[in-house]
Each structure stands twice: as C-alpha cells, then as structure tokens.
Amino acid sequence: MPATSTPPLQAIDSPDMRRAGGELLSLALLDARNHTLDLLGQLGEATAVLPDDEATRAYLSPALWTAGHAGWFQERWTGRNPQRSLGSACAADALRLGSIEALADSWWDPAQSLPQARWQMPLPDAERVRAYLLDVLEGTLGLLEKTPDTDDALYFYRLALFHEDRLGETLVRLAQALGLPLQLELPQASVARAPLLLPATRWTMGVASTPLQRGFAFDEEQPAHTVDVPDCEIDAQPVSWAQFIEFVDDDGYDRQELWHPEGWAWLQQLGQGEGRRAPRHVTQISVASGAVLQTRFGKAVRLAGHYAAVHLSWWEADAWCRWAGRRLPTEVEWEMAALTAAQRGFRWGDVWEWTAATLRPYPGYLPGPAHELASPWFGRAKVLRGASFATRARMRHARFRGFALPDDDTHFAGFRSCAI
C-alpha cells in the first residue's frame, strides 16, 4: 500500500494503521513517542516511587524502565537490526549492531531483569531517558524515509509502533496503580441492552496473510483458521457495577464453592494482607443504588451502577459467572460478535474483557522474530479481548489478542457473559 502524499492526520488513529505506508507510519511513530514522553512528564517525580503492593511490582515496571524499553525495542529491531528488511522472516537471534546508548541492553532488555527486580535496579534519570528516546526516534525516521512500502520492509516499524502503544497503556496502568493524577478522558456509561443471540456458523479466526489481506499482524493472531461455532447468547455490553455488586452483596467473596480452586487460594492470600471484598481500587459500595466509589488516578470517583465494572481479575470474572449461572465467552464468540453484531448493540472498547480462553498459539502458528512478546505466556495467561479507554485508537482491533495472568487486576479489565 503506497503512502499518500498528504496523509490525513486522523488516519494515524485508525486500526488501518496495520496497513500504513511509510509516510503515515512516520507520523504515527512520532505520535506514539510524543505520547510516551507526555506520560513520562505527567508521572514526574513519581518515576522513582516504589509501590507497596505485590501485584504492582509483579505486573508493572518503573516508568523509566517502561519508557526506556519502548526506545530500546524500537532501536533493537530497526536501527540495530541489519536484517530489518526481511520482516517476519528475520531470525530472532539475528546479529545486532551496538546501541547509541552504551548501557541500553543492561537497562532495558527484559531478558536481563525480571519485572520485580526492575524496581530495585539502577536506571538513568528522566532527562537521559528522554534524550535516548528522541535520538532513537530520529534514527528510526531517517531509516524509514529510505524504506520501500512493502510489508516485509515495514514490518519492524509497524511492530515498534504497536509495541510502544501497548507500553503507553502500561504507563497509564502504572499511574492508576500508584494513585497518580493523569489527564485522560474516562469511559462513558453505556445503555443496557438485552443479550444477543448469535446463530451457529463457521467462523474464520485470526488474520489472514495473503496478497489481498496484507499488512501487519502479531504472531499470536496468525494464521487464519476456521472454527465451528455453536449458537450462543452473549451480553450486549460488559457486566456493570450494579450487576457485580449483587454478587458482592450475596457474599460472593466468602463462598468458596463459587471460585476456581486457584482463584480461591489467590483470594485467601490477599485476605491475609489488604483483604478483598470488592475489586481493586473500590473503597465503598452502595448496594441500594448499585454505585461504587473507586479510586481513579488518585481521586475517589463515584461510578453509577450502569458503568462497566473494571479492575477485575480473571478469577473474579469467573466467580461472578458461576454465581450468575452463566459463563465467560470463548474467544471466537467474542470476536464473531464484535465483527458482526455492532449494529444490533454489541458494544466494546470501554474495558478490556476477559474470555474463557487460555492463551495458546493458533493451529499452524509459526513464531516470528519477536515471539518473546507472547510465546512465554502460552498455556499460562488468559485472553483479553477488546480495548479500554486507555488504549490508543489504532490498537482497537477486533482480532487483537491481549492477555494477562488470571490474578492480574492492574488492567482496565472487566468481562461480559454468555448463557450456559
């Protein structure tokens, strides 16, 4: 797809960025870097804050690590990668050139530090991280100017863009976990609609890689394959606070029979520390109105009952479904509804949504050069579908497979349910 001579600015916010040429990509890469730098600036002195809860230390990294890693990843796969023109055929262990920052690998290579260790490791100050990010971007854009508009040649530039977009949301999650103020527009409440009936069909999951359907796809989204889908009834919108509070009011957090054994063990472990009788960040519940008081970026916000419940772990979503006599949707049910039922009221994009699926490679999966982004989580993580208010618009793709461990409640995640 050739780049246009006068690219519309709104195009960089479109999911069609997966097929963007070099000109649009350069604008989007600049936009992503500006977003990273803006978030880093808003976090300010808190970049050195050590969180006091285990979940934050386990599932999030310091702001200076996360932002610096965005630049490191981009440089590693573009400027430092002599095989970048090979695209997804590039070897994962391809020879690397040296970084423009001598200590970049020791600071930001995830293989050299586990998440919890990053909170204690020495990192450069914010000024040095910003300088590195700007210098890397300048080099990347210079290379991109000389790159032909082919999928292989643009593969790593697109990968770097979307990886930085994911890291941007990670910085927003960090601000929420630390109770830091951010200037972001929060999600709006949705109008409740009746569940939708989806007819039985054969559905093609995943992203096809053909001359007619070219562009970028993450490894775990490929290859396309056909699945038989029975008919089902699926919620038109995520479960609301009013619905979730009924579970809380019915002693849902105290009834072991409602919980997966591992989920119950997780809950009891939390009970020995902070305690858990409601989702993360909820400080007050009104059973009568179905509203909650939830801390949002350091400020207590009253959320009416028709807002989507958020900051739920997979264990909590699964327990609610058991209590309600329903179940979490499969990946294919969610994907099919998102792509076919929007006109009938299927709403997504306010919160990430847990599905029933454990993250596994699709049939025929071939690991790409950056397979370490997902493959270590196969068989361990649960699949998240959709997007949240903190997700960049170009990342809102109905076939995108997010994922997290089932006890990770740092995501802006909720869920919807299906009839059993």
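Lys and Arg count as positive and Asp and Glu as negative, while His and the chain ends are not counted. The place of a charge is taken as NZ of Lys, CZ of Arg, CG of Asp or CD of Glu. With that settled, the mean positions of the 40 positive and 52 negative charges of the protein chain lie 3 Å apart.

Before going on, some ground rules. The model is predicted, so local features need pLDDT of at least 70 and side-chain atom pairs count only at pLDDT 80 or more, while totals for chains, interfaces and linings use all residues. Residues are numbered from 1 along each chain as its sequence is written, and side-chain values use heavy atoms, with hydrogens and water left out.

Now the overall form. The protein chain has 11 helices and 13 strands. Helices (H or I, at least four residues) and strands (E, at least two) are DSSP runs, numbered from the N terminus. A compact globule of 420 residues would have a radius of gyration near 22 Å, and the 21 Å of the protein chain agrees with that. That radius is taken over C-alpha atoms, and the globule rule is 2.2 Å times the number of residues to the power 0.38. Along the principal axes, the C-alpha atoms fill a box of roughly 60 × 50 × 35 Å.

Next, surface and burial. The accessible surface of the protein chain is about 18,000 Å², and 53% of this belongs to carbon and sulfur atoms. Accessible areas come from the Shrake-Rupley method with a 1.4 Å probe; for residues, only the protein chains shown count as cover. Of the 420 residues, 55% are buried. Buried means under 20% relative accessible area, exposed means over 50%, and partly exposed is in between (1.4 Å probe, protein chains only).

Contacts come next, a contact being heavy atoms within 4.5 Å. Among contacts in the protein chain with a separation of 6 or more, 76% are between residues 24 or more positions apart.

Back to charges, this time in pairs. Side chains of opposite charge can pair when their charged atoms come close. A salt bridge is a side-chain nitrogen of Lys or Arg within 4 Å of a carboxyl oxygen of Asp or Glu. How many salt bridges does a search of the whole structure find? The search finds 30.

I will go through some of them. Glu164 forms a salt bridge with Arg33, and the closest N and O atoms are 2.8 Å apart. Glu164 lies in helix 7 (residues 151–178) and Arg33 in helix 1 (residues 22–43), so this pair ties together parts that are 131 residues apart in sequence. Both Glu164 and Arg33 are buried.

Glu101 forms a salt bridge with Arg128, with the closest N and O atoms 3.0 Å apart. Glu101 is in the loop between helix 3 (63–77) and helix 4 (104–108), and Arg128 is in helix 6 (residues 126–145), so the pair ties together parts that are 27 residues apart in sequence.

Asp254 is in the loop between helix 8 (241–249) and helix 9 (261–271), and Arg277 is in the loop between helix 9 and strand 5 (282–286), so parts 23 residues apart in sequence are tied together. Asp254 is partly exposed at 42% relative accessibility, and Arg277 is partly exposed at 49%. Elsewhere, salt bridges that share partners join Asp13, Asp31, Asp165, Arg392 and Arg394 into one network.

Now helix 10 (residues 314–324). The buried residues of helix 10 include Trp314, Trp315, Trp320 and Cys321. The partners that the buried residues of helix 10 pack against include helix 8, helix 9, strand 9 (352–358) and strand 10 (382–386). After helix 10 comes Gly325, whose phi is positive, near 70°.

Leu359 sits in the loop between strand 9 and strand 10, and Leu359 is buried, with a relative accessible area of 0%. Which residues does Leu359 touch, not counting residues up to four places away in sequence? Among them are Trp377, Phe378, Arg401 and Phe403. Leu359 and Glu220 are 139 residues apart in sequence, and their C-alpha atoms are 8.7 Å apart in space.

Thr56 is in helix 2 (residues 54–59) and counts as buried at 0% relative accessibility. Leaving out residues up to four places away in sequence, Thr56 touches Pro51, Trp119, Leu174, Ala177 and Arg280. Thr56 and Gly87 are 31 residues apart in sequence and 34 Å apart in space, C-alpha to C-alpha.
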